[in-house]
Amino acid sequence: MDKPYALLAELTYSCPLHCAYCSNPLQLDDYRDELSTEEWQRVFAEAADLGVLQLHLSGGEPLQRHDIVDLVQYANKLGLYTNLITSGLGLSARRAEQLREAGLDHVQLSIQADDPALSDQIAGTKSFERKQAVASLVKQLGWPLTLNVVLHRQNIDRIGGILDMAEAMKADRIELANTQYYGWAEPNRAELLPSREQLERAEVLVREARERLDGRMEIIYVIPDYYSQYPKPCMDGWASRHFTVVPNGEALPCPVAHEVARSLELPPATVREHSLAWIWEEAPLFQQFRGEAWMPDPCRSCERREIDFGGCRCQALALTGDASRTDPVCHLSPDHGLVEAAVAAANDPTRPQGGSLIPRPQMGRPRRQRTAATTQRRTARTSVSLSPTVLKGKE
C-alpha cells in the first residue's frame, strides 16, 4: 500500500457560482456542519505526518472561509505545498496579499468561457470580469497560475478563444478537462455531453496550441470518458495516492465518492472520530476497492488491471447502480451499452436543442464551530518544488 501524497481539503461547499457541472454532492445541506479552524489544522498536521506533500484547498469556494489565511499559514508552517482552487470571487487585493504573506504557493482559477456573456451564463452569476482581474492579480503577485476549464457541449466550441485568453493571461498551465458526470453533472448529462464532431474540432485546436505554446504554457486536455476505449486510471487507483476530506469531516478516497459510501452502507470515516492514519489504513470505505481482490471479470483477468484499476467506482455506481461493476466506459464491460447509448444520443442530429440545465443551488448557511484566537501571521514561507496534481472534476 502506498502512502498518500496529496490531500484535497474541501473546506466548504458554499459557493457563489451555480455551475450545472459541479461535482459537489446533490445533498449540499448535509455538509453544513463544517470543521473548525482547529480541526482543519489537526487534519493538516496528521496529513503531513502521514507523508502528504501537496495540500489542495477547494470547495465550493474556499475563500468563503473566514479563516483561509490562517489555514494557509498553518499548512505552510508544516512544509506543505499549498494550492488554492478558486472561482476568484472573494480574492481581493488585500486578501491576496495576506495569502502571499501566509505562504500560499499556487493558484488554480476556474474559467467558464472566453466570452463574457457565455461565461456568466454558465457560472450562473456575473463573474467574468472579476476572473480577469484575479488572473492579473495572481501574476502580479508572482504566483504560478493554472486555469481550470471544465468543457462541455455549451463551451467546447470556444476552445480556440479560451486558449487565446489563457495565453493573454500568461497562464503557466491550463487544464481543459471535459465534464465528469458526477454530482450536478449527472442529471445534466444530456445537455453537457459534446458530440464527436465537437471533440474532433477541439482536438485539432489543442494540438495546434500545444505546438505554438510549447515551453510557454502547459496544456492538459482530457477527453470525455464516454468516448474512450478504456477507462481512466481514476485517482491512480482507489485509496492509493489521494485523500479527500469534505466540509463536515468525512474522509473519502476521491472527491466524489459520497454516493459510493452511501450505497455500501458503511460507517462514515470522519476525522472527528478517527485519525487520518487510521482512516487511510483501516477504514472499511478505503479498504473496499483497494488493490485487485475486489475486481470482477473482465477486470480480474485483464492485462490492464494495473493500468486503469478497473476504472472509476463512482462512474460504475452512477451508470449501473453497483460500485463494484466494471466501469461501463470500458469497451470490455458487460454494461458498455449504457455508454454507447449516451454517445448515440449526443450525436443524434434530431435531438432537441437548447434544453435547460439544472443549476447547482446555494446551500444553507454553514454551521461553524467557534475557534480559538488565531495565531499571529508569519511572513516566512517554506518552498516545496512540486507541481499540483490534476484533480477529478473540479471546477
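Contact, as the word is used here, means heavy atoms within 4.5 Å. The structure is a predicted model, in which local features need pLDDT of at least 70 and side-chain atom pairs count only at pLDDT 80 or more, while totals for chains, interfaces and linings use all residues. Residues are numbered from 1 along each chain as its sequence is written, and side-chain values use heavy atoms, with hydrogens and water left out. Helices (H or I, at least four residues) and strands (E, at least two) are DSSP runs numbered from the N terminus.

Because its relative accessibility is 0%, Asn155 counts as buried; the term buried stands for under 20% relative accessible area, exposed for over 50%, and partly exposed for what lies in between (1.4 Å probe, protein chains only). Leaving aside residues up to four places away in sequence, Asn155 touches Gln112, Leu118, Ile122, Val149, Val150 and Ile162. The side chain of Asn155 also reaches the backbone oxygen of Val150 at 3.0 Å.

Just after H4 comes Gly124, with a positive phi of about 75 degrees.

Helix pairs come next. Two packed helices are described by the angle between their axes and the distance between the axes. Axes are lines fitted to C-alpha atoms, for helices over the stretch in contact, and angles run from 0 to 180 degrees between N-to-C directions. For H6 and helix H8 (residues 196-212), the axes come within 9 Å and cross at roughly 25 degrees. H6 and H8 are therefore roughly parallel to each other, a term for angles under 35 degrees, with over 145 being roughly antiparallel, 65 to 115 roughly perpendicular and the rest oblique. Ile159, Gly160, Leu163, Asp164 and Glu167 of H6 make the contact with Ala202, Leu205, Val206, Ala209 and Arg212 of H8. By class, these residues are six nonpolar, one polar and three charged; Ala, Val, Leu, Ile, Met, Phe, Trp, Tyr, Cys and Pro count as nonpolar, Asp, Glu, Lys and Arg as charged, and the others, Gly among them, as polar.

Helix H2 (residues 68-77) and helix H3 (residues 93-102) form another pair, with axes that come within 8 Å and cross at roughly 20 degrees. H2 and H3 are therefore roughly parallel to each other. On the H2 side the contact involves Ile68, Val69, Val72, Gln73 and Asn76, and on the H3 side Arg95, Gln98, Leu99 and Ala102. This contact has five nonpolar, three polar and one charged residues.

The backbone of several loops also deserves attention. Most residues other than glycine have a negative phi, and most peptide bonds are trans. The peptide bond from Gly59 to Gly60 is cis, with omega near 15 degrees, and Gly60 sits in the loop between strand S3 (54-58) and H2. The bond from Asp297 to Pro298 is cis, with omega near 10 degrees. Pro298 belongs to the loop between helix H11 (284-288) and helix H12 (313-320).

Phe309 is in the loop between H11 and H12. Although not a glycine, Phe309 has a positive phi of about 55 degrees, and at 27% relative accessibility it counts as partly exposed.

Technical notes: Polar contact = N/O pair within 3.5 Å; in protein donor to acceptor, adjacent residues only side chain to side chain.
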